[in-house]
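Here is a brief report on one protein chain.

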Amino acid sequence: MPKNSKVVKRELDDEVIESVKDLLSNEDSADDAFKKSELIVDVQEEKDIDVEEESEVEDERPAWNSKLQYILAQVGFSVGLGNVWRFPYLCQKNGGGAYLLPYLILLLVIGIPLFFLELSVGQRIRRGSIGVWNYISPKLGGIGFASCVVCFFVALYYNVIIGWSLFYFSQSFQQPLPWDQCPLVKNASHTFVEPECEKSSATTYYWYREALNISSSISESGGLNWKMTVCLLAAWVVVCLAMIKGIQSSGKLEMMLEPKVWREAATQVFFALGLGFGGVIAFSSYNKRDNNCHFDAVLVSFINFFTSVLATLVVFAVLGFKANVINEKCIAENSKMIVKFLRMGNISQDIIPHHINLSAVTTEDYHLVYDIIQKVKEEEFPALHLNSCQIEDELNKAVQGTGLAFIAFTEAMTHFPASPFWSVMFFLMLVNLGLGSMFGTIEGIITPVVDTFKVRKEILTVICCLLAFCIGLIFVQRSGNYFVTMFDDYSATLPLLIVVILENIAVSFVYGIDKFMEDLKDMLGFAPNRYYYYMWKYISPLMLLSLLIASVVNMGLSPPGYNAWIEDKASEEFLSYPTWGMVVCILLMVLAILPVPAVFVIRRCNLIDNSSGNLASVTYKRGRVLKEPVNLEGDDASLIHGKIPSEMSSPNFGKNIYRKQSGSPTLDTAPNGRYGIGYLMADMPDMPESDL
């Protein structure tokens with residue numbers, strides 16, 4: 001477990017005493033009894049109570065053992081499966097290297113500023129997403145709950161992908177690899193190749209039939225796939241044990257002008273850094289308050305970017321190798337067909353150049369022969385069914401997600417020397433990448449709930465993982481892959497965009513960007529560059545709103561559906577969701593964002609009485625002590641001048657500051673005397689007596 005922060009004893013703030021003295025000196029001179037009163041401040045008792053409160057807070061809050069441990073946790077959360085199978089696909093699809101420029105621009109405009117914002121609020125307030133946004137603006141406290149809901153939805157299907165990786169990892173310890181060749185089917189008379197595999201490929205067949213045993217549509221459940229059920233259980237056990245242990249475990253330049261390229265780049269930046277999930281806030285809440293989170297934001301963002309670029313280079317190299325092998329195989333097969341046509345007389349031997357040997361033909365010679373035959377046999381050529389075998393055609397087959405990891409990469413590895421070794425390494429990498437992101441996602445659920453409801457982390461973790469496994473059984477049915485697609489498309493994209501937009505608005509406009517910049521200066525010891533001021537207040541909100549509108553329009557124009565595997569055709573076919581499927585898609589988006597308006601209405605209309613936990617201030621009127629609730633949304637909610645919820649004094653009022661009149665017994669203790677007078681009243685020196 002990470003060690004706890006040391007308790008630091010603090011002296012009674014001089015401003016507390018001075019503000020009380022100033023207040024007493026300005027009281028009505030006609031009140032003789034009040035003028036004879038004497039302020040008694042039990043400094044030692046104040047310090048003891050303060051130390052006790054501070055000790056209780058610090059003992060509850062673990063901390064990182066080192067800065068390196070924290071950076072690795074943040075990098076592990078941000079660098080995930082998307083860096084391996086999403087970023088390379090977007091590069092290939094949107095012009096290769098030309099895609100990097102819009103990505104970098106959007107990283108600077110959206111990614112780093114918002115990542116810095118989440119790190120800052122988490123580190124300063126030292127609470128999870130629920131506590132942070134409750135503190136910034138109680139009416140917008142639903143932002144934290146919405147983050148938890150989205151995290152839970154994503155965790156449900158993300159761990160299924162880890163389960164798939166575990167299955168392939170376990171099957172990689174054999175030679176040859178089980179997806180190397182199509183299986184043979186025997187009957188009474190003869191043996192033949194499995195038709196479904198023969199029509200597709202060995203790796204495609206193994207993925208859809210052997211691993212997933214997939215049904216033909218989302219409406220056909222087909223029952224549980226016991227192999228994937230066991231792998232899903234193993235994945236949740238690993239996540240549960242790790243979380244209980246603690247936070248320690250954790251080319252074509254004209255394409256740049258197309259809006260679609262920028263929208264996809266912005267979406268990738270957005271999800272690559274894990275913005276809106278709450279994991280960034282949760283991890284940073286375990287930092288010391290003077291940690292340089294600006295440096296962390298820039299470092300983690302660029303580590304994520306360069307990791308994506310490195311992964312892209314590796315992916316392109318592997319896919320290039322695969323394309324070259326497949327192209328050589330294509331040339332060999334088509335050369336045999338040409339030799340067969342020559343023997344049958346369909347093609348004259350005279351048209352074939354004499355220097356070309358079709359039994360060992362090179363790529364250039366084959367293309368030459370192909371072009372000659374195409375010109376000579378112009379009308380009869382389609383009937384020959386010859387393939388041009390262009391390597392560019394194979395390279396242009398852009399694949400992403402499971403198609404890249406479990407089909408394209410597995411096929412490439414069958415051509416590697418010592419293929420089981422590379423298969424083990426590849427799927428071990430996928431498991432580690434997935435678990436790193438999974439830890440951050442679960443932390444985005446556990447930390448806010450533990451901070452808010454004060455439940456035991458171990459019990460909550462077990463309950464959360466057990467519940468997620470039970471719900472996750474829908475993903476290990478034979479139709480489970482289609483539900484993964486549904487959740488991936490509808491449970492996170494729009495809700496997370498809305499969450500991050502509200503986060504930006506809450507800090508920049510509700511809390512106040514000027515006040516937030518002052519808080520950062522106090523916390524970091526230096527003023528952040530004004531660049532962030534303009535990003536947070538103007539540029540980032542506009543860019544996020546544009547991205548939200550573009551995503552809604554794209555979702556409206558794209559028919560909601562999924563790619564189903566049709567066994568008879570041995571190919572994918574796009575199918576629309578049934579009516580109940582459409583309802584589920586809508587519910588996923590509504591449920592994810594529902595906490596935001598729900599909490600706003602509840603707190604706006606005071607439907608729930610939560611006054612027992614409110615901070616109270618003290619004002620004096622004619623010598624009497626009055627208790628008034630503090631408006632946490634006003635200027636007094638400053639992260640500097642106010643106290644964070646964890647440092648507020650207990651509702652059981654102490655006796656460190658009280659009045660004693662000569663010849664009279666001690667009066668009632670002033671509620672929340674220290675923070676009410678010393679911090680809040682000191683900021684209102686010109687308040688008229690009528691208000692006091």
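The sections below go from the whole chain to single residues.

## Basis

This is a predicted model, in which local features need pLDDT of at least 70, side-chain atom pairs count only at pLDDT 80 or more, and totals for chains, interfaces and linings use all residues. Residues are numbered from 1 along each chain as its sequence is written, and side-chain values use heavy atoms, with hydrogens and water left out.

## Whole chain

The protein chain has 27 helices and eight strands. Both are DSSP runs numbered from the N terminus: helices are H or I with at least four residues, strands are E with at least two.

Of the 692 residues, 51% are buried. Buried means under 20% relative accessible area, exposed over 50%, and partly exposed in between (1.4 Å probe, protein chains only). The accessible surface is about 32200 Å². Carbon and sulfur atoms account for 59% of that surface. Areas come from the Shrake-Rupley method with a 1.4 Å probe; for residues, only the protein chains shown count as cover.

## S215

S215 sits in the loop between α11 (202-211) and α12 (226-245). Its relative accessible area is 4%, so S215 is buried. Neighbours within four places in sequence aside, S215 contacts E220, R478, S479, Y482 and W565. Contact means heavy atoms within 4.5 Å.

## Disulfides

There are two disulfides in the structure. The criterion is a pair of cysteine sulfur atoms within 2.5 Å. Counting bonded cysteines along the chain, the pattern is 1-2, 3-4.

C182 bonds to C197, with an S to S distance of 1.9 Å. The link is left-handed, at -80 degrees about the S-S bond. C182 lies in the loop between α9 (142-170) and β2 (184-186), and C197 in helix α10 (residues 195-199), 15 residues apart. C182 is partly exposed at 23% relative accessibility, whereas C197 is buried at 1%.

C330 pairs with C389, their sulfur atoms also 1.9 Å apart. The S-S torsion is about -75 degrees, so this disulfide is left-handed. The pair links distant parts of the chain, 59 residues apart: C330 in helix α15 (residues 293-344), C389 in the loop between α17 (381-384) and α18 (391-395). C330 is buried at 16% relative accessibility. C389 is buried at 2%.

C148 is buried, with a relative accessible area of 9%.

For C464, the closest cysteine sulfur is in C465, 5.4 Å away and too far for a bond. C464 is buried at 9% relative accessibility.
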